[in-house]
Amino acid sequence: MSQGNAEVNKTGRAGRIVGEAKSFGTGLGRVIGGYDFGVVVIVLLLSLFGVAMVFSAGYYQTINSSNPDPTYYLFRQLFFVLTGFFIMLVVANFDYHYYMKFGNIIMAASVLLLILVMLIGTSVNNAQRWISIFGIRITPSEFSKVAMIVFTSVFLAKDPDNIRSLRGLGVLFAVMLVHFGLIVKQPNLSTAIVIVAIMGAIMLVAGLNLLFLAAPAAAGVAGYFYIITAKTPYHWYRRITSFMDPFADRQGDGYQVSQGLIALGNGGLKGLGFGRSVAKNLYLPEPQNDFILAVLGEELGYIGFVILMLVYIILLFRLIMVALRAPDKLGFYLATGVAVMLGLQVVINVAVVTSSMPATGITLPFISYGGTSIWSFMIAMGIALNVSKRRKAVRR
């Protein structure tokens, strides 16, 4: 009899354990919010891997500075990632339909910040792109990417006829031109082009007639040939032409690109091993920033490079699926803009490091050092996660 009671008690305890586990799982599901968990995992893994790579790439930069601290980049990047991940979770639980009320305000705030950069911005290496706040340099143009995703999506979702009317197109192209001009003035041509591409992509999926892109495309081609022939501005001319043969001017404009190519070649198939890059030893300028991929290729080799690209492709695929399964046009436009922002920056960064296009200031998402870049991408991922969450809520 006692043995039977013991078995009953064991069964009861097992049932309670299973029930508690189910209750914990349900509670955790509520905390996570029911959105695409795969995106959360990939973003977290990329960001933590980025912390390790920034520490490795920037190690010799810090110990060679006037205030040597080998952990400087490590703890700063970790701070950016942790705060960014918190921001992503907050944005992921903010219903994206509320953006319908704030689209114009977000656009105006973006323009205001870009104007402030011109008035009180911090200048580094002949570029005025930053605003210093409590010792942290903020890059408003990074936030402008997300702002234009929200504004363009809201503007087209409010009235689908805006993509077919001259008034609607006039507003979109005017906002695009204002951002392009203010960011080019910094100068930061690459970011200006990315913002134009993001807005253009959202407009295309909204039904924009391709003929309307003929004028901007013609203007871009004309500008390119003007810079090539007139060699004005000379800085842009050197940037455009130096990538064709960076070793021809390896001590000048082609120095950074040539050092990046040497690093990639030095890594070979398997790489030299984590932390063993030679290029970061004061050969490659600012290796923890735009050219961190060169350090990664040297330390982890072609295999590490391919694995990283596959992770980006998986993340991009999930974002595309979020867009295709969005419950409404606003969600579709927002997720499309986020996917374009991610994919475009990865492609441009890889193209720059491999000398397939002129050198730009485009960061490698979640990997390159920089708080504003991390935060802007975390905000973008949070928006996409909220779209996936709303889609699941509608389906239920």
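This is a predicted model: local features need pLDDT of at least 70, side-chain atom pairs count only at pLDDT 80 or more; totals for chains, interfaces and linings use all residues.
Me: Let's take a pair of helices. Why are H2 and H4 called roughly antiparallel?
Reply: Helix H2 covers residues 37–57 and helix H4 covers residues 72–92, and they pack at an angle of about 165°. Angles over 145 degrees count as roughly antiparallel, and H2 and H4 are therefore given that name. Their axes lie 8 Å apart, and their crossing is right-handed.

Me: How do you know which residues of H2 meet H4?
Reply: Contact means heavy atoms within 4.5 Å. By that test, the H2 residues that meet H4 are Val40, Val43, Leu44, Ser47, Val51, Val54 and Phe55. On the H4 side they meet Tyr73, Leu74, Gln77, Leu78, Val81, Phe85 and Met88. The residues of this contact of H2 with H4 divide into 12 nonpolar, two polar and no charged.

Me: Nice. And what makes H5 and H6 roughly antiparallel?
Reply: The axes of helix H5 (residues 99–120) and helix H6 (residues 140–158) cross at roughly 150° and come within 8 Å. The cut-off is over 145 degrees, so H5 and H6 are roughly antiparallel to each other. H5 passes H6 in a left-handed crossing.

Me: What kinds of residues does the contact of H5 with H6 divide into?
Reply: Residues of H5 that meet H6 include Tyr99, Met100, Ile106, Leu113 and Val117. Among those on the H6 side are Pro140, Ala147, Phe151, Val154 and Lys158. The contact of H5 with H6 divides into 14 nonpolar, five polar and one charged.

Me: On to single residues. Why is Ser376 called buried?
Reply: Ser376 lies in helix H14 (residues 371–395). Buried means under 20% relative accessible area, and Ser376 has 0%, so Ser376 is buried. Leaving aside neighbours within four places in sequence, Ser376 is in contact with Glu142, Phe143, Val146 and Met341.

Me: What does the side chain of Ser376 reach?
Reply: The side chain of Ser376 reaches the backbone oxygen of Ser373 at 2.9 Å. The limit for a polar contact is 3.5 Å between N or O atoms, and this value falls within it.

Me: How do you know whether Ile374 is buried or exposed?
Reply: Ile374 lies in helix H14. Its relative accessibility is 0%, so Ile374 counts as buried, given that buried means under 20%. Not counting residues up to four places away in sequence, Ile374 touches Gln77, Phe80, Val81, Phe366 and Ser368. Gln77 and Val81 are also among the H4 residues that H2 meets. The C-alpha atoms of Ile374 and Leu364 are separated by 9.8 Å, and the two residues are 10 apart along the chain.

Me: One last residue. Why is Met357 called partly exposed?
Reply: Met357 is found in the loop between helix H13 (329–353) and H14. Partly exposed lies between the buried limit, under 20%, and the exposed limit, over 50%. Met357 has 24% relative accessibility, so Met357 counts as partly exposed. In space, Met357 is 7.9 Å from Met244, C-alpha to C-alpha, while the pair is 113 residues apart in sequence.

Definitions and conventions
Residues are numbered from 1 along each chain as its sequence is written. Side-chain values use heavy atoms; hydrogens and water are left out. Axes are lines fitted to C-alpha atoms, for helices over the stretch in contact, and angles run from 0 to 180 degrees between N-to-C directions. Helices (H or I, at least four residues) and strands (E, at least two) are DSSP runs, numbered from the N terminus. Angles under 35 degrees count as roughly parallel, over 145 as roughly antiparallel, 65 to 115 as roughly perpendicular and the rest as oblique. A crossing is left-handed if the near helix is turned anticlockwise from the far one by less than a right angle, and right-handed if clockwise. Ala, Val, Leu, Ile, Met, Phe, Trp, Tyr, Cys and Pro count as nonpolar, Asp, Glu, Lys and Arg as charged, and the others, Gly among them, as polar. Buried means under 20% relative accessible area, exposed over 50%, partly exposed in between (1.4 Å probe, protein chains only). A polar contact is a pair of N or O atoms within 3.5 Å; within protein, one must be able to donate a hydrogen and the other to accept it, and residues adjacent in sequence count only if both atoms are side-chain atoms.
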